[in-house]
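Take a moment with the sequence and the 3D view. Then follow the chain step by step.

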Amino acid sequence: MKKRKSLFKWIGGKKWLQKDLQSIFSLKIQSSNADTYIEPFCGGLGSILSNYDFLKSNGIKKIIA
């Protein structure tokens, strides 16, 4: 099945930034030895759900939404 592009770009969507943000977060997490991630803006929970495996693989043990 061919993936279709949305007719309208979601105004709040940041999917296109995901790889850049993950590399920045990875460096910050490693340098601070953080084990808790707090997401203050979880309107759709998409940011947490799409990055859950990434956060866990970088040593995050607790996620607070």
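The text below goes from the whole chain to single residues.

This is a predicted model, where local features need pLDDT of at least 70, side-chain atom pairs count only at pLDDT 80 or more, and totals for chains, interfaces and linings use all residues. Residues are numbered from 1 along each chain as its sequence is written, and side-chain values use heavy atoms, with hydrogens and water left out.

Start with the overall layout. The chain has two helices and two strands. Along the sequence they follow the pattern α-β-α-β. Both kinds of element are DSSP runs, numbered from the N terminus: helices are H or I with at least four residues, strands are E with at least two. Of the 65 residues, 18% count as buried. Buried means under 20% relative accessible area, exposed over 50%, and partly exposed in between (1.4 Å probe, protein chains only). Now look at contacts, meaning heavy atoms within 4.5 Å. Among contacts with a separation of 6 or more, 65% join residues 24 or more positions apart.

Next, the two helices. Two packed helices are described by the angle between their axes and the distance between the axes. Here the axes of α1 and helix α2 (residues 46–57) come within 11 Å and cross at roughly 35 degrees. Axes are lines fitted to C-alpha atoms, for helices over the stretch in contact, and angles run from 0 to 180 degrees between N-to-C directions. From α1, the contact uses Gln18, Gln22, Phe25, Ser26 and Ile29; from α2, it uses Ser50, Asn51, Phe54 and Leu55.

Phe25 lies in helix α1, which spans residues 18–32. Phe25 counts as partly exposed because its relative accessibility is 36%. Leu55 sits in helix α2. Is Leu55 buried or exposed? Leu55 counts as buried, because its relative accessibility is 3%. Leaving out residues up to four places away in sequence, Leu55 touches Ile29, Tyr37, Ile60 and Ile63. Leu55 and Gln22 are 33 residues apart in sequence, yet 8.9 Å apart in space, C-alpha to C-alpha.

Finally, turn to a loop. Asn33 lies between α1 and β1 (36–38). Asn33 has a positive phi of about 55 degrees, although it is not a glycine. Asn33 counts as exposed because its relative accessible area is 68%.
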